[in-house]
Amino acid sequence: MSPNDNSWENALRYEATAAPQQDVDPVLAAALSRAISSEQLKNPEKKQLTLSPAEMMQAYGESIDAMRRLGALEEQHDTDPALEEKIAASALKVTMQYELEKKDAGLAV
Amino acid sequence: MMSSIFKKALGLVTGQVVAAPAKEQVVLQMPKNRPFKKRTERELLQMESYIGAQLFGDVPAGHRREFFCLDPHTWIWHEESVDHQTGEKKLSTTKYEVSDKGILKVQEGSRYSYVQGAELRNLLMATRLYYEQVARGVYSRDPHTGRKLA
């Protein structure tokens, strides 16, 4: 099995549909909506704020890396506000992308 | 050069020297609860890799799979299997390097190429599932906000 064969895709599709669906936090949805509108006002020529696949993968990677480093610190009863900020920023970035994808698919919140 | 990078990456996850001949199949498992010992970054990476391997369904007997985020710009996919008839061991390691130009696929013995089309969609879906499940399952964080789950 490799990322370029169909069994891979089918397995992922199964996992995605089998995963529990969670309600969207209305406060987060409102914040995202404001952030997206604000970004569109700043970039009127850009129809939507979209991330390329590489930018998405980088956001996931940055977030995971920060969670891992912070997780190890927390094991030592320590913390790092900069890592917390990076995790939140990456989460916002990927969540905004999800919302845009949902809007594109006609499933806007 | 490339080979040593793969070995180093796998060594980080498994904690073993990959080049050494394995006497028996190594099964990656979640570290057991150890209330008096702190988990290191490497052990957290092992836990992530356990989830990464499960994203694509059950791992068949005699088969080993690794899928994990090594650092913000590098993802590793590794497959190991044994041909039951010949006893021959098959290894396949792919490194995905994320850059501004795209996602470069690096495999031993193959030409480097940027991931495209269905493969790119599959890879992105895999990293998304990895992110969501690792955030919740390993770090107890909401992947949508990054905040700690109650």
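Begin by selecting helix α3 of chain A (residues 53-75) and helix α3 of chain B (residues 117-137), where helices are DSSP runs of H or I with at least four residues, numbered from the N terminus. α3(A) and α3(B) pack at an angle of about 25 degrees with their axes 10 Å apart, the axes being lines fitted to C-alpha atoms over the stretch in contact and the angles running from 0 to 180 degrees between N-to-C directions. That angle makes α3(A) roughly parallel to α3(B), since angles under 35 degrees count as roughly parallel, over 145 as roughly antiparallel, 65 to 115 as roughly perpendicular and the rest as oblique.

This is a predicted model, in which local features need pLDDT of at least 70 and side-chain atom pairs count only at pLDDT 80 or more, while totals for chains, interfaces and linings use all residues. Residues are numbered from 1 along each chain as its sequence is written, chains are lettered from A and ligands numbered from 1 in the order in which they are written, and side-chain values use heavy atoms, with hydrogens and water left out.

Next, show the side chains between α3(A) and α3(B): the residues in contact (heavy atoms within 4.5 Å) include A:Met56, A:Tyr60, A:Ile64 and A:Met67 on one helix and B:Leu120, B:Leu124, B:Tyr131 and B:Val134 on the other. The residues of this contact divide into 13 nonpolar, two polar and two charged.

Staying on α3(A), select A:Asp65 and A:Arg69, which lie four residues apart, about one turn of the helix. They form a salt bridge (a side-chain nitrogen of Lys or Arg within 4 Å of a carboxyl oxygen of Asp or Glu), with the closest N and O atoms 3.2 Å apart.

Now move to helix α4 of chain A (residues 81-104), whose axis comes within 13 Å of that of α3(B) and crosses it at roughly 125 degrees. That makes α4(A) oblique to α3(B). Here A:Ala91, A:Val94, A:Tyr98 and A:Glu101 meet B:Arg128, B:Tyr131 and B:Glu132, and these residues divide into four nonpolar, no polar and three charged.

To finish, select A:Glu84 and B:Arg141, whose side chains meet in a salt bridge at 3.0 Å, N to O. With both chains in view, 51 residues of chain B are in contact with 42 residues of chain A.

Methods:
Helices (H or I, at least four residues) and strands (E, at least two) are DSSP runs, numbered from the N terminus. Ala, Val, Leu, Ile, Met, Phe, Trp, Tyr, Cys and Pro count as nonpolar, Asp, Glu, Lys and Arg as charged, and the others, Gly among them, as polar.
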